[in-house]
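Have a look at the chain first, then try each task before reading its solution.

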Amino acid sequence: MQLRHARSLLFLPASNPRAVAKARTLACDMVILDLEDAVPDADKAVALDAAVEAVGEGFGGRLMAVRINVEGMPSHGPEMVALKRTAADYVVLPKVENAKQVKDVYSVAQKPVIAMIESAKGVLAAPAIAAGEGCAALFVGTNDLRKDLAIPPSAGRAGLVHVLQSVVLAARAAGIAVFDGVFNRLDDEAGLEAECAEGHGFGFDGKDADPSGAGAGGEPGVRPGRAGGGGCAPADRGGDGRGRALRGADDRGDACRGGAGAGGAGGGGRAIAKGDKAWRCGSTRLRSSGPAMSVPRPPMR
């Protein structure tokens with residue numbers, strides 16, 4: 001599957017074997033094993049070993065990525081070196097604010113990098129980051145971006161519109177993929193549906209299901225969505241087995257479905273998942289046929 005065709009990006013703690021095993025049963029386009037926010041500092045080394053093992057076993061043909069820790073963290077170097085020897089398709093790098101950060105990771109890990117834009121500096125540098133060596137995609141970290149811009153958590157996304165579209169513009173100018181951030185309100189189905197449609201309208205290729213927003217250390221639950229076997233749905237906090245799967249449509253008839261993936265301590269995020277329909281961009285139908293697809297590497301500049 002090409003990265004631009006990915007609609008649902010499922011984050012889960014690499015240190016949680018139950019979540020890793022469950023992820024292999026879900027109809028998501030990419031699995032991202034998290035070594036950063038979802039893993040306490042004391043568990044970083046164990047989580048790295050678990051991520052290497054999980055990537056070795058594979059996820060049924062789904063795209064595979066690992067989110068490493070930022071430069072300056074003790075685990076940053078060992079993570080880059082370890083991932084070089086794996087079959088991971090991408091490295092996800094958080095808190096990117098310049099192209100050199102991406103180039104450095106790419107040069108060591110020898111994997112295309114998905115750069116997370118999570119600050120005002122990152123937004124302003126997004127064109128250079130997107131065009132830089134080793135960058136395969138941009139990913140908006142909306143929660144950290146809100147904090148950096150002093151936008152209250154209770155505010156809607158109106159204050160983010162300019163920065164979101166700036167990141168999309170940078171990615172499109174560089175010819176790479178771009179992904180929207182997490183939806184935080186676990187029980188707000190209408191809000192999720194609206195945000196999925198909004199993100200699609202902004203030009204994003206897909207949306208994430210980030211378990212780290214609620215903190216680290218919990219045991220996430222993940223379960224497939226209902227309604228036709230497509231998409232991911234949130235595991236309820238109370239464990240009562242109720243999942244959610246949403247479908248929205250824009251004025252072109254493009255279908256999007258929101259779901260959620262692995263929750264962190266006390267909850268989780270949401271993602272756009274294709275389910276049984278694909279988004280269309282203009283006249284091009286973007287559809288993946290499921291986990292059995294091969295994963296070609298994008299050409300690197």
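The exercises below go from model confidence to the nonpolar cores.

This is a predicted model, in which local features need pLDDT of at least 70, side-chain atom pairs count only at pLDDT 80 or more, and totals for chains, interfaces and linings use all residues. Residues are numbered from 1 along each chain as its sequence is written, and side-chain values use heavy atoms, with hydrogens and water left out.

**Exercise 1.** Find where pLDDT stays under 50.

*Solution.* Start with the scale: pLDDT is the predictor's confidence in each residue, from 0 to 100. The protein chain averages 76, and 69% of the residues score at least 70. Next, go to residues 211-301, where pLDDT stays under 50. Where pLDDT is low, the predicted coordinates should not be read in detail.

**Exercise 2.** Work out how much of the protein chain is buried.

*Solution.* Buried means under 20% relative accessible area (1.4 Å probe, protein chains only). Of the 301 residues, 54% are buried.

**Exercise 3.** Describe the largest nonpolar core.

*Solution.* First, the term: a nonpolar core is a set of buried Ala, Val, Leu, Ile, Met, Phe, Trp, Tyr and Cys residues joined through side-chain atoms within 4.5 Å. The largest one has 57 residues, and those with the most contacts inside it include Leu-33, Phe-59 and Ile-129. Helix H8 (residues 161-174; helices are DSSP runs of H or I, at least four residues) gives the most to this core, with seven residues. Apart from it lies another core, of 18 residues, including Tyr-90 and Ile-114.

**Exercise 4.** List some partners of Ile-129.

*Solution.* Contact means heavy atoms within 4.5 Å. Setting aside neighbours within four places in sequence, Ile-129 is in contact with residues including Val-96, Val-102, Cys-135 and Leu-138.

Definitions and conventions. Buried means under 20% relative accessible area, exposed over 50%, partly exposed in between (1.4 Å probe, protein chains only). Helices (H or I, at least four residues) and strands (E, at least two) are DSSP runs, numbered from the N terminus.
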